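Please take a moment to look over the sequence and the model together before reading on. The paragraphs below go through the structure step by step.

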Amino acid sequence: MQKYVSVIGGINLDIKGISNITDAKADSNIGKTHFTPGGVARNVAENLSRLKIPTNLIGCIGNDDNGQLILKNAEQNGINTEHVLISSEINTSVYLSISNKEGSLVSAVNDMKDSLNLVSVDYLKEKAELIKNSKVIFADTNLNKDALQYIITIANENKIPVFIDTVSIEKSNVIKDLTGEINFLSPNLNEFNNLFGEFDMDRITWKMDSPIFKKFKSIILKRGEKGIVLINIEQQKIKLFSPMKIEVAEPNGAGDAFNAGFIYGLMYAYDEYDSIQLGICAAYYALISTHSVSEKLTEENLLNLYRQKSKNEF
């Protein structure tokens with residue numbers, strides 16, 4: 001098995017509007033705008049590359065200026081994009097978000113459907129050997145049901161850990177229809193509530209016996225400023241992790257950085273608990289940056305912060 005991660009899913013340009021006020025309204029809010037390469041899968045791939053993890057990005061972009069900007073950024077950051085489909089039939093996906101002064105997301109629009117429809121089972125079959133030889137497979141629910149099911153089937157047949165991010169409430173629904181084993185599912189609180197019912201710490205152990213949980217080995221629940229809850233279905237264990245106290249510049253990309261930090265831990269045989277701590281440290285760098293991936297995230301910085309915080313806070 002090779003020492004690389006296959007990262008499959010959304011690739012887009014992020015347009016971020018950050019308001020100067022706390023209570024941003026349905027109005028013309030004074031603030032700043034930032035243009036940066038984004039997309040859940042692309043962000044995870046860049047974070048992993050910054051952490052010196054060999055990464056193959058699989059997805060689709062348009063043959064346009066935004067697509068070229070994404071490819072240039074990938075080249076600068078060591079992401080392998082030779083398997084990315086470049087199509088003249090569609091525009092590169094765009095994700096538009098508005099956040100308030102406190103760094104909380106107010107609203108967003110994703111224009112991604114056209115490009116993601118081209119990440120089909122037929123396209124993934126062309127990449128089957130690459131995927132089969134991964135050490136870890138990451139996918140997001142920007143992909144359709146058939147594509148995700150194909151990825152899970154390959155992962156299970158080849159005994160490769162598969163990590164899936166649920167992306168949004170609406171897109172998380174595809175998880176309900178998938179069969180096979182998913183090693184790690186990474187939802188936020190709203191996505192978790194949509195899939196499993198309202199989160200209740202006192203009742204979660206009882207819920208773990210229900211069939212809907214049985215396809216997962218572990219669920220990593222991201223609760224923003226309330227931290228992380230690890231729900232290990234296989235071992236029937238739950239553990240809470242506190243967040244780091246920081247002033248948030250912009251929230252988009254923090255979950256993707258967390259995912260990459262966690263996968264970094266898997267690649268180096270850290271246990272689940274330490275991998276979550278690494279994820280929290282990686283998210284720290286995203287939260288203090290207006291970019292979807294922080295330029296300050298490096299393997300050295302991650303490990304230094306991990307060692308420092310593990311002594312004092314974790």
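This is a predicted model: local features need pLDDT of at least 70, side-chain atom pairs count only at pLDDT 80 or more; totals for chains, interfaces and linings use all residues.

By type, the lining of the largest pocket divides into 22 nonpolar, 18 polar and 10 charged residues.

The second largest pocket has a volume of about 400 Å³, and it is lined by 14 residues, of which K113, T141, N142, E170 and K171 are the closest to its centre. Helix 3 (113–117) and helix 7 each supply at least two residues of this lining, and helix 3 gives the most, with three. Here the lining residues divide into four nonpolar, six polar and four charged.

K171 also leads us to S168, because a polar atom of the side chain of S168 lies 3.1 Å from the backbone nitrogen of K171. S168 itself is placed in the loop between strand 10 (162–165) and helix 7 (169–172), and its relative accessibility of 23% makes it partly exposed, since a residue counts as buried only under 20%.

Is helix 1, which spans residues 40–50, largely enclosed by the rest of the structure or left open? Of its 11 residues, 10 are buried, so the helix is largely enclosed by the rest of the structure; the buried residues include V40, R42, E46 and L48. After helix 1 comes K52, whose phi is positive, near 65°.

Finally, we turn to the strands, eight of which form an open sheet with mixed pairing, in the order 4-1-9-10-11-12-13-14. Strand 4 (55–58) and strand 14 (237–241) stand at the edges and have a single partner strand each, so one side of each is left without a neighbour in the sheet. On average, and with direction ignored, neighbouring strands of this sheet are turned by 15° against each other. Within the sheet, strand 12 (residues 216–222) and strand 13 (residues 228–232) run antiparallel and are joined by five bridges, and the bridge partner of I220 in strand 13 is L230.

Notes. Residues are numbered from 1 along each chain as its sequence is written. Side-chain values use heavy atoms; hydrogens and water are left out. Buried means under 20% relative accessible area, exposed over 50%, partly exposed in between (1.4 Å probe, protein chains only). Helices (H or I, at least four residues) and strands (E, at least two) are DSSP runs, numbered from the N terminus. Two strands pair if DSSP finds at least two bridges between them. Axes are lines fitted to C-alpha atoms, for helices over the stretch in contact, and angles run from 0 to 180 degrees between N-to-C directions. A polar contact is a pair of N or O atoms within 3.5 Å; within protein, one must be able to donate a hydrogen and the other to accept it, and residues adjacent in sequence count only if both atoms are side-chain atoms. Ala, Val, Leu, Ile, Met, Phe, Trp, Tyr, Cys and Pro count as nonpolar, Asp, Glu, Lys and Arg as charged, and the others, Gly among them, as polar. On a 1 Å grid over the protein atoms alone, a cavity is a set of points where a 1.4 Å probe fits but cannot get out, and a pocket is an open set with protein on both sides within 12 Å along at least five of seven lines; lining residues have an atom within 4 Å of a point. Grid points are joined across faces, edges and corners, and a volume is the space filled by probe spheres set on the points.
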